[in-house]
Amino acid sequence: MPAPPVHPERTGSASAAGRDVPSFKPSLVRAVFRDVTPLNVSRSATRAAASVTRTVLTDIIDGALRAAAEEDRGKLLPKDLVTAIDRDVELEVGGAWYHHSPTFKGLTGVVHDAGGAVVHAPRRSRSRKPSAVVGAHRFEPGIRKLLRGRGTAAVPAMVRDLDGLASVFLTDLARDAAMVVREGGIKRFGTVSLTMPGEPAGTRPSVPDPVLALSTRTGDRRTIGGDDVLAATMIQLFGEVGRRALAAAREATATCPDG
């Protein structure tokens, strides 16, 4: 008889992510940051980025597990990943991977650039230039550890998709954290105030307090710190996934000196 399907609970995933950051090793996280920025990366930034990535991938795996459980399967297939993302828009991360992976072929529609020209899927290349797609294989040990932690396994194509999503997401997170350092805070949010037509200005808060607290950055302009990764997380994620990721990152860095 096949093993009974796993029914994961979403509650507590952020806390677990904060306690078990080593799914994605600090050396791997630093390597991704080095691929996209010459800035130094503090220990708290490394732990925060690892924790956020783990939380996002855990949520994606849990969504895929629920899809597989509906068919009484314990092993994950690529179609479970598609179902998970279709059911929860908050899990739609690492978009650059969608145009590379066969799993998403035909599901993303025709993409056009700013000039209206069709953007074709990137061709495979032997270039050694660092990129999130080329470096996706580095994430396999951490992905397999996450799968074991959720009591499941995945076919090779599914593991490859999870590798790709993790790599692209962490690369995007690193770029945004570097942008926060360069711009001195989350400038895209810090001065926005939303009002309805005819409504007096100042009757609504401009931004949530956690975002406002990170809208102006102080400190070393040569080093990405933990707060810079938290700010980047607010740019990359939203909703419950974003809240869990931020909570996990704060827990992971609570006792980690920013050095």
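Q: What share of the chain's contacts with a separation of 6 or more comes from residues 24 or more positions apart?
A: Such residues account for 75% of those contacts, where contact means heavy atoms within 4.5 Å. This is a predicted model, in which local features need pLDDT of at least 70, side-chain atom pairs count only at pLDDT 80 or more, and totals for chains, interfaces and linings use all residues. Residues are numbered from 1 along each chain as its sequence is written, and side-chain values use heavy atoms, with hydrogens and water left out.

Q: Where does L91 lie?
A: L91 is in the loop between α4 (78-87) and α5 (95-98); helices are DSSP runs of H or I with at least four residues, numbered from the N terminus.

Q: Is L91 buried or exposed?
A: L91 is buried, because its relative accessible area is 2%; buried means under 20%, exposed over 50%, and partly exposed in between, with a 1.4 Å probe and protein chains only.

Q: Which residues does L91 contact, leaving aside its neighbours within four places in sequence?
A: Its contacts are D59, I60, A84, I85, Y98 and V241.

Q: Now the helices: at what angle do α3 and α6 pack?
A: Helix α3 (residues 43-69) and helix α6 (residues 140-149) pack at about 55°, and their axes are 10 Å apart. Axes are lines fitted to C-alpha atoms over the stretch in contact, and angles run from 0 to 180 degrees between N-to-C directions.

Q: Which residues meet there?
A: R54, L57, T58 and I61 in α3 meet I143, L146 and L147 in α6.

Conventions. Helices (H or I, at least four residues) and strands (E, at least two) are DSSP runs, numbered from the N terminus.
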